[in-house]
Amino acid sequence: LPAHVRAGIEAIVDGRVVEAVSQPGGFSPGTADRVQTIDGRRAFVKAVHPGLNEDTPGLHRREARVAAALPDDVPAPRLLGVHDDGDWVALVLEDVEGRQPATPWLVPELSAVLATLDRLATVRIPSTLEHLDATGTELAESLAGFERLAAEPPDGLDAWTRGHLDELVDLGSRAAAVLNGDSLVHTDVRADNLLLRPDGSAVLVDWPWTTRGAAWFDTLTLLVNVRLYGGHDVEALLDAHVEADPGDVTAVLAGLAGYFLDSSRRPAPAGLPTVRAFQAAQGRTVVEWLRERLEAGG
């Protein structure tokens with residue numbers, strides 16, 4: 001990092017940083033480091049500037065606003081401070097002692113995360129976050145991916161999806177409306193956005209996409225990640241943890257499948273060379289799940 005950015009971070013942590021350990025995983029460009037000061041204080045720092053990716057500084061600023069306002073009962077790292085010089089944006093957060101869940105998912109770790117999401121569903125949104133966009137409003141354009149795929153089908157689209165595009169467009173068009181609600185929604189729950197503490201409890205990280213909507217959306221996106229890696233009956237987990245109309249769940253799965261498949265065919269964003277392959281894998285996973293539900297009459 002440039003010297004003035006380091007100085008800004010050191011002012012927030014109140015000490016000279018003598019160790020920085022880069023953290024792997026995720027899809028955000030820029031730095032992501034666990035740091036330690038000369039007198040032993042610890043923090044997590046992520047920093048970016050527009051030259052790495054023009055959109056990410058805005059996401060960091062958005063996450064800072066959310067993190068500063070999250071209630072204490074939300075399982076998230078606390079924001080310690082922000083360095084923002086108009087170019088570089090650095091978030092300094094509590095360093096959570098923990099690790100990402102194993103994939104394929106292990107039963108105890110998955111149970112801990114599902115329990116955490118169940119508790120998150122009961123958190124009341126504070127007045128400081130009443131400005132949050134509705135989940136359906138925020139995701140409406142993304143969830144309409146099948147409309148774009150139907151208008152311009154890519155050569156690599158699988159035969160089943162190609163043969164059911166009209167139905168999938170119709171399903172996806174319903175997705176945004178069913179995600180309305182009054183719960184705090186992280187919106188991007190997957191293994192690399194979670195940490196497991198030594199006591200087994202789970203912490204959600206990376207909150208720039210936070211919205212206000214149906215609490216079950218976070219659990220559904222987690223189960224997409226679980227299915228991606230295999231080894232679990234996601235329908236049984238859905239029945240146990242999601243209270244939603246099955247048709248609504250199917251509509252949202254269609255919206256997600258369309259989003260992943262449509263996004264995966266586009267050029268990779270600056271600084272994110274692996275995200276399209278990940279989206280393609282998620283798209284295939286959700287299409288398979290969606291096909292099973294539709295063929296079962298769900």
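The largest pocket of this predicted model has a volume of about 1300 Å³. A pocket is here an open set of points on a 1 Å grid over the protein atoms alone, with protein on both sides within 12 Å along at least five of seven lines, and lining residues have an atom within 4 Å of a point. Grid points are joined across faces, edges and corners, and a volume is the space filled by probe spheres set on the points. Of the 45 residues that line the largest pocket, D188, W209, Y259, V275 and Q279 are the closest to its centre. Two or more lining residues are given by each of the elements α2 (56-69), α4 (135-139), α8 (216-229), α10 (246-264) and α11 (275-295). Helices (H or I, at least four residues) and strands (E, at least two) are DSSP runs numbered from the N terminus. The lining of the largest pocket comprises 18 nonpolar, 13 polar and 14 charged residues, where Ala, Val, Leu, Ile, Met, Phe, Trp, Tyr, Cys and Pro count as nonpolar, Asp, Glu, Lys and Arg as charged, and the others, Gly among them, as polar.

Residues are numbered from 1 along each chain as its sequence is written. Local features of the predicted model need pLDDT of at least 70 and side-chain atom pairs count only at pLDDT 80 or more, whereas totals for chains, interfaces and linings use all residues; side-chain values use heavy atoms, with hydrogens and water left out.

The second largest pocket has a volume of about 610 Å³. Its lining is formed by 35 residues, with Q23, A32, F44, V205 and D206 nearest the centre. At least two lining residues of the second largest pocket come from each of β2, β3, α2 and β7 (194-196). By class, this lining divides into 16 nonpolar, 11 polar and 8 charged residues. D206, one of the residues nearest the centre of the second largest pocket, is placed in the loop between β8 and β9 (211-213). Its phi is near 65°, a positive value in a residue other than glycine. D206 counts as partly exposed because its relative accessibility is 24%; buried means under 20% relative accessible area, exposed over 50%, and partly exposed in between (1.4 Å probe, protein chains only).

A search of the whole structure finds 1 cavity of 30 Å³ or more, a cavity being a set of grid points where a 1.4 Å probe fits but cannot get out. The largest cavity has a volume of about 40 Å³ and is lined by L117, L120, A121, L184, V185, A215, D218 and T219. Two or more of these lining residues are contributed by each of α3 (107-120), β6 (183-185) and α8. The lining of the largest cavity consists of 6 nonpolar residues, 1 polar and 1 charged.

Two packed helices are described by the angle between their axes and the distance between the axes. Helix α7 (residues 165-175) packs with α10 at an angle of about 105°, and the axes are 7 Å apart. Axes are lines fitted to C-alpha atoms, for helices over the stretch in contact, and angles run from 0 to 180 degrees between N-to-C directions. The two helices α7 and α10 are therefore roughly perpendicular to each other, a class that covers angles of 65 to 115 degrees. In the contact (heavy atoms within 4.5 Å), α7 supplies L168, L171, G172, R174 and A175, while α10 supplies G247, D248, T250, A251, V252, A254 and G255. The residues of this contact divide into 6 nonpolar, 4 polar and 2 charged.

At helix α1 (residues 3-13), the buried residues are V5, G8, I9, E10 and V13. These buried residues pack against the strands β1 (17-22), β2 (31-37), β3 (42-48), β4 (79-84) and β5 (89-93).

Most residues other than glycine have a negative phi, and most peptide bonds are trans. T187, which is not a glycine, has a positive phi of about 85°. This residue lies in the loop between β6 and β7, and T187 is buried, with a relative accessible area of 11%. The peptide bond from T103 to P104 is cis, with omega near 0°, and P104 is found in the loop between β5 and α3.

S201 is placed in the loop between β7 and β8 (202-204) and counts as partly exposed at 25% relative accessibility. Not counting residues up to four places away in sequence, S201 touches L195 and L196.

Terms used. Parallel < 35°, antiparallel > 145°, perpendicular 65-115°, else oblique.
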